Amino acid sequence: MYLRSLEILRNANTDPKSYPFSIPAIKALNSLSFRTNVTFFVGENGSGKSTILEAIAYQCGFNTAGGGKNNNYDVDSSSSALGDCIRLSWLPKITNGFFLRSETFYHFASHLDTMPESLQYYGGRSLHKQSHGEAFLSLFNHRFGKKAIYLLDEPEAALSPARQLALLRVIKDLENEAQFIIATHSPILLGYPDAQILNFDAQQLEEIRYEDTLHYIVTRRFLENRKIVLDELFND
């Protein structure tokens, strides 16, 4: 494990009522420790998962629109609101890694097309010439390696259930020599064994068991009681 913890930096000018400090999970957060090589952020949209992940990417020197340290391109609204307000603690510090931001992945793929010599590190052909899910897997299988930190923001957005399982295998193959921090809504990804799961929906950010996540509870109830759930949803 490389990234051990992060600390939120506040001063006399910090306004707790302004974004991003107004987000409940961030308002109540002073520090956060990572105890395993695989950590998941869970919570509803707007709970602060992506905000924290972007801030880590910013401090790592990764492009906050998605990419690594050497991917320089601009995308509107891709800057980190919290990036200058956190401090990271490393042991040891590493500079290799990647930030996957699903919502701007199209722009990352276009950026790669301007550097054909780089495509060899992503499977040898344009990511635009593959389906969305194929492009994600090409990234995971060819770009990801050892001694690195990988920050993934909702990677399941382009992945079928079978390909989510394929991502779990990539993580397993690299787990002993790479670190993953993943914001997700996927109950499949969250099932990774012995992962640290941090719940952003709690009053104070806290660890949660897989079986206690809302993602697991809702998905299990739907799969086991589909007709009842749909009757309640449509007839309420």
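Colleague: Where does the largest share of the lining of the largest pocket come from?
Modeller: From α2, which gives three residues. Helices (H or I, at least four residues) and strands (E, at least two) are DSSP runs, numbered from the N terminus. This is a predicted model: local features need pLDDT of at least 70, side-chain atom pairs count only at pLDDT 80 or more, and totals for chains, interfaces and linings use all residues. Residues are numbered from 1 along each chain as its sequence is written, and side-chain values use heavy atoms, without hydrogens and water.

Colleague: How many residues line the largest pocket, and which lie nearest its centre?
Modeller: The lining has 13 residues. Nearest the centre are Gly46, Lys49, Ser50, Asp153 and Glu154. A pocket is an open set of points on a 1 Å grid where a 1.4 Å probe fits, with protein on both sides within 12 Å along at least five of seven lines; lining residues have an atom within 4 Å of a point. The space in this pocket is about 180 Å³.

Colleague: How does the lining of the largest pocket divide into nonpolar, polar and charged?
Modeller: Two residues are nonpolar, seven polar and four charged. Asp, Glu, Lys and Arg count as charged; Ala, Val, Leu, Ile, Met, Phe, Trp, Tyr, Cys and Pro as nonpolar; the others, Gly among them, as polar.

Colleague: Why are α7 and α8 called roughly perpendicular?
Modeller: Helix α7 (residues 214–224) and helix α8 (residues 226–235) pack at about 105°. Angles of 65 to 115 degrees count as roughly perpendicular, and those under 35 as roughly parallel. α7 and α8 are therefore roughly perpendicular. Their axes are 5 Å apart.

Colleague: Which residues make that contact?
Modeller: Arg221, Phe222 and Glu224 of α7 meet Arg226, Ile228, Val229, Leu230 and Glu232 of α8. Contact means heavy atoms within 4.5 Å. Four of these residues are nonpolar, none is polar and four are charged.

Colleague: What makes α4 and α5 roughly parallel?
Modeller: Their crossing angle. The axes of α4 (residues 132–143) and α5 (residues 161–174) cross at roughly 10° and come within 10 Å. α4 and α5 are therefore roughly parallel. Leu137 and Phe140 are among the α4 residues in this contact, and Leu167 and Val170 among those of α5. The contact holds five nonpolar, two polar and two charged residues.

Colleague: Why do β2 and β4 stand at the edges of the sheet of three strands?
Modeller: The order is β2-β1-β4, with antiparallel pairing. Two strands pair if DSSP finds at least two bridges between them. β1 (residues 3–8) and β2 have three bridges, and Leu6 has Leu32 of β2 as its bridge partner. β2 (31–33) and β4 (86–90) each have a single partner strand, so one side of each is left without a neighbour in the sheet. Helix α2 (residues 49–60) packs on this sheet and touches β1 and β4.

Colleague: What order and pairing has the sheet of six strands?
Modeller: The order is β5-β6-β7-β3-β8-β9, and the pairing is mixed. β5 and β6 (residues 148–153) run parallel, joined by five bridges. Phe98 stands opposite Tyr150 in β6.

Colleague: Which peptide bonds are cis?
Modeller: Among them is the bond joining Tyr19 and Pro20, with omega about 5°. The bond from Leu91 to Pro92 is cis too, with omega near -10°. Most peptide bonds are trans. Pro20 lies in the loop between β1 and α1, and Pro92 in the loop between β4 and β5.

Notes. Axes are lines fitted to C-alpha atoms, for helices over the stretch in contact, and angles run from 0 to 180 degrees between N-to-C directions. Angles under 35 degrees count as roughly parallel, over 145 as roughly antiparallel, 65 to 115 as roughly perpendicular and the rest as oblique. Grid points are joined across faces, edges and corners, and a volume is the space filled by probe spheres set on the points.
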